[in-house]
Amino acid sequence: MTKIAFIGAGNMARAIIIGLVNSGITPQDIIVANPSETKRLNLAKEFGVLQTDNNIKASEYADIVVLCVKPHFIADVCRQISHAINISGKLFISVAAGTTVEQIQSALAKDNTTSLAPVVRVMPNTPSQLGLGMSGLYASNEVSAEQKSNAEKITNAVGKSIWLDTENKINDIIAVAGSAPAYYFLFMEAMEKHAIQLGFTPEESRMLVQQTALGSTQMVAHNTDVDISILRANVTSKGGTTHAAIEQFKDDGIDDIVKNAMNAAIDRAEEMAK
């Protein structure tokens, strides 16, 4: 049975662990390493996984090491692991934005003669906490077919995923899916604020906005053979109230606003990788 170590016990690690356990993975095949005893023990108590404060111990135990630490800690963690144990045959999965495969492999290499470690970069998003995540994956050339399949099983345990042909597409995934929940939250936040200004209570405003967003998302999910533009047009009677709102959005440049925001996310991801 494949054993999985999570280096880090933050929200994303927790989300993936929940998904894996719910999908039938034996909890004792999962180990979590984190300096925070509270986070480790909570995961162990809730889901029955193993826990330790030692990154090396966790990595030695596992076939797959999932790096769920902040990007600026990745290199140090990788060097710590590779200089303490034999990492041959282990797959490393990184969920850190802005940290390239080359940077991870370089940190994992003990010297210039060391063969490159198989690395998969994953860009998930926060709805993974609900099992509704969307992830993009990119595999280095060293990743075997079996390892690639195992990586996909991990991401599919918390939602859906797609494989990317080139590593730079990870930055595009950040713009389209990784950062995107915040875009929707911002839009909902603006609607909620104005609903309150219109006289609805905060509770009523929240319910109106979240239920409408939920229903709209489900309409898209349940009509995959219908273009989103058609679904939008079906709600937009010419000359009606919705048409007036849509035309105002267009006049205010909504296409450019969204495009510029997504490109800003991509630019920042590229800066972080330098």
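**Close-up views of a predicted protein chain**

A search of the whole structure turns up 1 cavity of 30 Å³ or more. On a 1 Å grid over the protein atoms alone, a cavity is a set of points where a 1.4 Å probe fits but cannot get out. This is a predicted model: local features need pLDDT of at least 70, side-chain atom pairs count only at pLDDT 80 or more, and totals for chains, interfaces and linings use all residues. Residues are numbered from 1 along each chain as its sequence is written, and side-chain values use heavy atoms, with hydrogens and water left out.

View 1. Helices (H or I, at least four residues) and strands (E, at least two) are DSSP runs, numbered from the N terminus. The C-alpha atoms fill a box of roughly 70 × 40 × 35 Å, taken along the principal axes. Of the 274 residues, 38% count as buried. Buried means under 20% relative accessible area, exposed over 50%, and partly exposed in between (1.4 Å probe, protein chains only). Among contacts between residues at least 6 apart in sequence, 64% join residues at least 24 apart. Contact means heavy atoms within 4.5 Å.

**View 2. The largest cavity holds about 60 Å³ of space.** A volume is the space filled by probe spheres set on the grid points, which are joined across faces, edges and corners. The lining of this cavity includes I16, V66, I93, V95 and V122. P124, S135, I154, T155 and V158 also line the cavity. Lining residues have an atom within 4 Å of a point.

**View 3. The second largest pocket has a volume of about 690 Å³.** Its lining comprises 28 residues, and the closest to the pocket centre are M12, C68, V69, K70 and V95. Two or more lining residues come from each of α1 (11–22) and α4 (71–82). A pocket is an open set of points with protein on both sides within 12 Å along at least five of seven lines.

**View 4. G98 sits in the loop between β5 (91–94) and α5 (101–108).** Is G98 buried or exposed? G98 counts as buried, because its relative accessibility is 5%. G98 and A273 are 175 residues apart in sequence, yet their C-alpha atoms are 4.3 Å apart in space. Leaving aside neighbours within four places in sequence, G98 is in contact with Q103, R121, A269, M272 and A273.

**View 5. Q103 belongs to helix α5.** Q103 counts as partly exposed, because its relative accessibility is 34%. Not counting residues up to four places away in sequence, Q103 touches G98 and A273. I74 is 29 residues from Q103 in sequence and 9.0 Å from Q103 in space, C-alpha to C-alpha.

**View 6. S140 lies in the loop between β7 (133–139) and α6 (145–156).** Its relative accessibility is 7%, so S140 counts as buried. Which residues does S140 contact, leaving aside its neighbours within four places in sequence? They are V101, Q105, A117, P118 and V119.

**View 7. Helix α7 spans residues 169–178.** Its buried residues are I170, N171, I173, I174, A175 and A177. What covers these buried residues includes the strands β6 (119–123), β7 and β8 (159–163). The cover also includes the helices α8 (180–197) and α12 (254–273).
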